[in-house]
Amino acid sequence: MSFFSKKPRSSSSSSSSSSYAPSAPSLPESYDQRGQAYSTSHQSNHSQQQQQSYYGQGNGGGSSYGHSGFPPGTSPDVIRSFEMVDRDRSGFIDENELQQAVSSGYQRFSIRTIRLLMFLFKNPHDPLRFGPKEFAALWGCLGQWRGIFERYDKDRSGKIDLFELRDALYSLGFAIPSSVLQVLISKYDDGSGRRIELNFDSFVECGMILKVRS
């Protein structure tokens, strides 16, 4: 039995992947109760590199990248971000390269969140690597989630508390009882006795966990 429910959502149509309403991404069709498998099959051995651009934002510009797998209309900034970490020019990136690509100057994604995202957006032909299609889909989703996070981070601290998290998740379609929300946020308690607050990385992780379990 699920302890939370999806909020009713009105249907709408969209002509492009970048204009859909913010929502948790759909699970891959191959998902079959193996929701925790992503956490046991990876190792991290590379140092992390930070990047300056935000998700889904940019001033445009050309790119010399030759991969044709990106969806039509993909921002040149997204293609450039992929190119910067695909050093062997294979057209695929691993978890460490993905972590470098989606981390910005003030926000670093944990490898735990990266592995969860790779599981949810996984390439059906190579689940341990992302191609252009998976990268573009993830980038667009993170851009939408970033907008939601900033909307509820009212003091612009880069973190949200329990009540802001509740409202943000509700806006994404999750109606969660307070008791379940308390359990969810307790994993981020550092034991200092201070109020628990989540950065964007933890917010994304919470949303993805709820999606897997819904």
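Student: In this structure, are α5 and α6 roughly parallel or roughly perpendicular to each other?
Tutor: Keep in mind that we are looking at a predicted model. The axes of these two helices come within 11 Å and cross at roughly 110°. Angles of 65 to 115 degrees count as roughly perpendicular. So α5 and α6 are roughly perpendicular to each other.

Student: Which residues of α6 does α5 meet?
Tutor: Let's start on the α5 side, where Leu162, Leu165, Arg166 and Leu169 take part. By class, the residues of this contact divide into 5 nonpolar, 1 polar and 1 charged. Across from them, the α6 residues are Leu181, Gln182 and Ile185.

Student: Is the crossing of α5 and α7 left-handed or right-handed?
Tutor: The crossing is right-handed, and the contact is made by Leu165, Ala168 and Leu169 of α5 with Phe203, Gly207 and Leu210 of α7. α5 also passes α6 in a right-handed crossing. For α5 and α7, then, the answer is right-handed.

Student: How many nonpolar residues does the contact of α5 with α7 have?
Tutor: Gly counts as polar, while Ala, Leu and Phe count as nonpolar. The contact has 1 polar residue and no charged ones. The number of nonpolar residues is 5.

Student: Which residues in α5 are buried?
Tutor: Buried means under 20% relative accessible area. What covers the buried residues of α5 includes α4, β2, α6 and α7. The buried residues are Leu162, Glu164, Leu165, Ala168, Leu169 and Ser171.

Student: At the start of α5, which residue's backbone nitrogen does a side-chain oxygen of Asp161 reach?
Tutor: The side-chain oxygen comes to within 3.1 Å of that nitrogen. The backbone nitrogen belongs to Phe163.

Student: And just after α5, which residue takes a positive phi?
Tutor: The phi there is about 110°. The residue is Gly173.

Student: One more: is Gly140 buried or partly exposed?
Tutor: Gly140 lies in helix α4. The relative accessible area of Gly140 is 25%. Buried means under 20% and exposed means over 50%, with partly exposed in between. Gly140 is therefore partly exposed.

Technical notes: Residues are numbered from 1 along each chain as its sequence is written. This is a predicted model: local features need pLDDT of at least 70, side-chain atom pairs count only at pLDDT 80 or more; totals for chains, interfaces and linings use all residues. Side-chain values use heavy atoms; hydrogens and water are left out. A crossing is left-handed if the near helix is turned anticlockwise from the far one by less than a right angle, and right-handed if clockwise. Helices (H or I, at least four residues) and strands (E, at least two) are DSSP runs, numbered from the N terminus. Contact means heavy atoms within 4.5 Å. Buried means under 20% relative accessible area, exposed over 50%, partly exposed in between (1.4 Å probe, protein chains only). A polar contact is a pair of N or O atoms within 3.5 Å; within protein, one must be able to donate a hydrogen and the other to accept it, and residues adjacent in sequence count only if both atoms are side-chain atoms. Axes are lines fitted to C-alpha atoms, for helices over the stretch in contact, and angles run from 0 to 180 degrees between N-to-C directions. Angles under 35 degrees count as roughly parallel, over 145 as roughly antiparallel, 65 to 115 as roughly perpendicular and the rest as oblique.
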